[in-house]
Amino acid sequence: MGLLSLLLLSSLMLQNGQGFSSSQGKQFITAFMENFETNRPSETSLKLFLVGHGNDTRVSVTVTKSSSRQVYSVPGGETVPVDLPVSLEMKHSGIFAHSVVIEAEHDISVVSFNRKLYSVASMTLYPVHELGDTYYVITPPGTITDSYRKELAVIAWKTPTQVTIEPQGKIIFKRQSYAAGSTLTVSLKPFEVLQLQSAEDLSGTRIQSSAPVAVLSGHVCVQENYYCDHVAEQLLPVSKWGQTFIVPPVPLQTGFDIIYVVACQNTRVVYQSGQDKGFQDMVPGEIARLPLQLSQALYISADAGIQVTYFFTGIKIRNIGYDPFLINVPDVASYGLAYRIDGLSKFDNHVLLIAKSSETATWDKSVVADIQWQLVPGSEYSWGEYNWKADLNQHSLFLENPQTAFGVLAYGNKNYEGYGFAPSPFGTLAPVPDQVPVPLTCPENSHYLSCGNACPATCSDRTAPSRCENTCAEVCQCDEGYLFSGEKCVPRESCNCTYKGVTYRAGEEFWADENCQSRCRCDNRLGKTMCEKSSCKAKTKCIVVNGVRGCHATTYSTCIASGNLHYLSFDGTKYDFVGSCVYQMVGVCSKNPALTPFLVTVENNNRGYKSVSFTKAVTLEVYNMTISLSKSAQGRIEANGVLVDLPFSYENKLTVSQSGVYTTIRTDFDLTMNYDWDSHTRVVLPSTYANSVCGLCGNANRNPHDDFDMQDGSQSSDVTQFANRWKVKDVPGCTTGCTGKCQRCTEAEKRTYQVERYCGILTKSNGPFALCHRTISPTKFFEDCVVDTCTYKGHPGVFCGAIATYARTCQAQNIQIKQWRSNSFCSFSCLPNSHYELCGNGCPSTCHDLANSNSCDTPCVEGCVCDSGFVLSGDECVPLTECGCVYEGRYYKKGAEFYSTNTCQEKCRCVDVGVVDCHQFSCGSYEECRVENGIQNCFPVSYGTVVTFGGNHYVTLDGNSFDFAGSGSYILTQITDKDTQEVIFSVVVEHENADNGPSIEITSVVIYLHGNTVVLERGKKWQAKAGESIFSTNCTGKWTCQGLDQINYEETACQDEEICILQNGVRGCERREGQCKISRETQLVSFDGTSARWNFCGGVYDVSSVCDESDPSWFRVSVNIGKDCEGNLSGVKAAHVYFGEAAITLKKDNRIWVNGRSVNLPYKISKRLTLLKEQNGIVINRASDIQVQFSPDGEVTVKVKDIPPEKLCGPCGNFNGDPTDDQKLPNGESANAADALYAWKAKDF
């Protein structure tokens, strides 16, 4: 049957009152929500596919608030692709001016695609006449809730519109936070778009508008079973919702997909999958999540309109994975008689078909052959799948069944990508009203032309019309004497210039580079930017002031933290402070918008004595970057948590490089920070920040008398009070200074170290530092050197470091010093291919920048310098032939492997100088991409534990226990290479008869890993690696391996809220934990040790909860006591655990239910709430504050941390350390054990 006959039949069906199609029309409006960030912008594309229905038609595509529109000819039954500017993608929350309006003379349908590398979203657009004023949002949360944001968009049509949003998750709009349950009202001008994003699930959010609007909903990049993918759908208003839906499964899915059902009024929803039936009574805004499993279609019906959305969760099959997609499922009443589906090139394209079972037998001959139909139980329909690859022979598919309407869902996939949408049926069964065209709105100083040159003259290209191929288009043309500057028409003489994406005013001059070597001017006569070579004049420097780069005369202030934490403030105040926590060294405290905000923090540690402290790590936070330099990772820095090699740069705003002994950070606003990886930190600040900073370094206002002022203007009582005001973070075992008995040297002891062979070299009148004495007094440095050296009993590393502090301070002022080191005094060792120099180049050549030293204005500094023919590669000196690669602005050593994306979807290797080899990659089935200890890699989702103890007791990786008494060597566990069968990792335990008796004991454990063998033998000390620490039995002492056979001892103490415990073989201070246990004999021991027992009939009893049900930390634990009234004891049968987001039931047969659904372990409910199976049974973890364990024999253990005693209720007590107040009734009155237990019988069982 031809298309004309099809349309005539459709008209007859309309007269008989049968269904309608809602996705074809003459006018559409849409926008493009944010897709995930890609490292390859060239792979980004925004497209529309215009599908002609019936007659050939002209279609205009207009970007609103723009000066032109494009017109396309769309033949009937054909598809025309339209490319749109990638700048239309909306980023973050806000109101956006540009939407896209599609208008046609005759009916069309439209599908939009938002595609980036490895992330594509598609949706069928609904025409304007189908829009409404009430919507409910669906945003699949995914399993990694904090990686990318959920999002929605509201698009106004022709009239000003007020939109009211009732969010179900926290959103931030215009710097104001709106919590779940609040109301946000926004006014939109015609064609404006409101986009809102949230880290929380927005599903169920209600949108109400004063006029019809279009609503989009989705996720920037949602991750469930595989990698993340952008998903988006246009929603139908509640007035267009249907009542009957059939959802066929994606056959390649081996797990579960999720079907979202939304109600807008009190509604009963009935569903059937296979022979399983169920129903759910829903209230307005309620979201039901129904699982869709392999080979079983889902039949859904309701007694009122509902919205049904299909979320394909992704799947990995061998080495290929398919990403998620989202489809708004059409109701049965909107099925059509014909469809045209266009597939994506290089994708495996599929269509899921839903047809009446009575018609499927004729499909082989009349529609398409080889469909394997399967019945949909409970309905009169069957479903099947058809597959094809889009290529030159078949890039589209046309399906037509003239007899009976059928449904189609289209989807496609290839490795790392997936898309899905519900195509529009051909032939509308409802009249499409004629619409008033949207006029092209022209900017000021321009006029409308129905046939004008499509390439208007602009400020930057005044000859564009002469090269234009399209000379008759509907355009806005600037009035005489005006030219386009962006989207505005401006007088020719005031034309702006655009240079490297930045707009400059007519006549404006600016520096084009970060070194002020190129001076440019916007020449409005020529309509372009003219540049010439230039440079800053003497006594000025190229820096950013008030956000503008220029040559400015400036002075600097320097703050130093050195040695046993001697501080020298910006204004010259000297003081000592030995706190070992994390402190603000300096940060911007002013609200001056012209200053770039930054923060420098230091983490200190005691090296053996509480009376001393040294800098362990220093961190700079600026430009949304966190750069950390730590003594434990010398030569590499952490950039936003990831370890990277030097040099490092970020958007021409900051650089990190090696300069002698220092690693130096420089910013574009002239902040310099140095750290020598040991005990010397220096911050140099330009005078533009005077009186605008605060912290341990003071305010840099050249007045030393107010350095110890508090922020409220009051004077601190002492140094300790002042310094602790700037404590920003505690770390385990840190102290706020030395109190009580602190080690101090006597004056007599100090005199020992004032001589030349120790610190005396600093003040020697004819010594190596004599030239510096006039400018920088050595007295304070000498005093610090003596105190530190005395404290450490003359340790060379201490006094050499103190002398070096003065030497480097002199060099920073360009003051020449003489050689002061020798082979016998403070000798300096260097790595291979390098040597020590007293005055080395401050900007050494690197593989990343071979010419770096040629334009260096940094003073010389002592340290290791590469030998001739070698350059720096990270922290090593290598020949040029061994240099690494620069990839997307970051340097990698030769041979280094890395991931180019934060999802590990592409793995790269620096194979040779400047040569990077990249290939698609995916983590294993039980792995996830994340950063651990500064390394991005694929790490296990969870870990199994194998245990042997007592010589003959074993617990397997899967938690099974058994006993075996045998002497000799046994492989406890091992991993072998799949191909070579070579052992990669193994653990072998050796057993012997103890004292030749019958008992068995473990005598040694041998660990083998990648060719390395570690032997742990009974009675022998174990070695610690550099940076690792071993605590004493009661955690009062700690030994730390510093490398090179140096071990430091320091006194330690756990904080009040901590206890000293041995955990996973490592002893340390851990937060105090409360534990309440219910044994299988129904004996309860409270958090504070009170014992009670159930001695009455069985039932469900509450044992612990947060008293206030509205508290965000609320939980409740109940146990089902299986004791009958004849006294037969069967112990704890089940545990019921409740949180705000989940109700969990655990039974002794390892069956688990979450919110009424049976689940398998491991199972992640949210970012904070997980279920795992461990050797001691099933474990529920909520972040760090509560854990519930349910063992196979029925024992229940409740563990709490950091929950105040006044919040806890129930027989487990309040964890206040007092066992006498545990046995209380729900009303707070004390009672005996039996009455207290019985009073907490659960009222909802």
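V261 touches V269, M282, E286, I287, A288, L290, I300, I306, Q307 and V308, not counting residues up to four places away in sequence. Contact here means heavy atoms within 4.5 Å. The residue sits in strand β19, which covers residues 256–263. Strands are DSSP runs of E with at least two residues, helices are runs of H or I with at least four, and both are numbered from the N terminus.

V261 has a relative accessible area of 0%, so it is buried. Buried means under 20% relative accessible area, exposed means over 50%, and partly exposed lies in between, with a 1.4 Å probe and protein chains only. V261 and Y310 are 49 residues apart in sequence. Their C-alpha atoms are 9.1 Å apart in space.

## Model and overall make-up

This is a predicted model, in which local features need pLDDT of at least 70 and side-chain atom pairs count only at pLDDT 80 or more, while totals for chains, interfaces and linings use all residues. Residues are numbered from 1 along each chain as its sequence is written, and side-chain values use heavy atoms, with hydrogens and water left out.

The protein chain contains eight helices and 98 strands. It has 1245 residues, of which 50% count as buried. Among contacts with a separation of 6 or more, 60% come from residues 24 or more positions apart.

## N674 and its polar contact

N674 belongs to strand β57, residues 672–675. Its relative accessibility is 5%, so N674 counts as buried. The side chains of N674 and T664 are joined by a polar contact of 2.8 Å. A polar contact is a pair of N or O atoms within 3.5 Å; within protein, one must be able to donate a hydrogen and the other to accept it, and residues adjacent in sequence count only if both atoms are side-chain atoms.

T664 is one of the residues that N674 contacts once neighbours within four places in sequence are set aside.

## Cavities

The structure holds eight cavities of 30 Å³ or more. On a 1 Å grid over the protein atoms alone, a cavity is a set of points where a 1.4 Å probe fits but cannot get out; lining residues have an atom within 4 Å of a point. Grid points are joined across faces, edges and corners, and a volume is the space filled by probe spheres set on the points. The largest cavity has a volume of about 110 Å³. Its lining consists of F49, V51, S109, V111, F113, R340, I341, D342, F421, P423, S424 and F426. Two or more lining residues come from each of β2 (45–52), β7 (100–116) and β27 (338–342). By class, the lining of the largest cavity has eight nonpolar, two polar and two charged residues. Ala, Val, Leu, Ile, Met, Phe, Trp, Tyr, Cys and Pro count as nonpolar, Asp, Glu, Lys and Arg as charged, and the others, Gly among them, as polar.

The second largest cavity has a volume of about 90 Å³. I560, S562, H566, Y567, L568, K574, K780, F781 and D784 line it. The lining of the second largest cavity divides into four nonpolar, two polar and three charged residues. Domain 2 (556–729) and domain 3 (747–812) each give at least three residues to this lining. The domain bounds come from an automatic or database domain assignment.

## Helix α6

V786 is in helix α6. Its relative accessible area is 3%, so V786 is buried. Beyond neighbours within four places in sequence, V786 is in contact with K750, Y753, Q754 and C759. V786 and F799 are 13 residues apart in sequence, with 7.6 Å between their C-alpha atoms.

E783 also has its place in helix α6. With a relative accessible area of 41%, E783 is partly exposed. The C-alpha atoms of E783 and A802 are separated by 9.7 Å, and the two residues are 19 apart along the chain.

## Backbone details

A cis peptide bond joins L646 and P647, with omega about -5°. P647 is in the loop between β53 (642–645) and β54 (648–650). The peptide bond from L1161 to P1162 is also cis, with omega near -10°. P1162 lies in the loop between β92 (1157–1159) and β93 (1163–1164).

Y623 is not a glycine, yet has a positive phi of about 55°. Y623 is in the loop between β50 (614–622) and β51 (625–630). N1155, not a glycine either, has a positive phi of about 55°. N1155 lies in the loop between β91 (1152–1154) and β92.

Definitions and conventions:
On a 1 Å grid over the protein atoms alone, a cavity is a set of points where a 1.4 Å probe fits but cannot get out, and a pocket is an open set with protein on both sides within 12 Å along at least five of seven lines; lining residues have an atom within 4 Å of a point.
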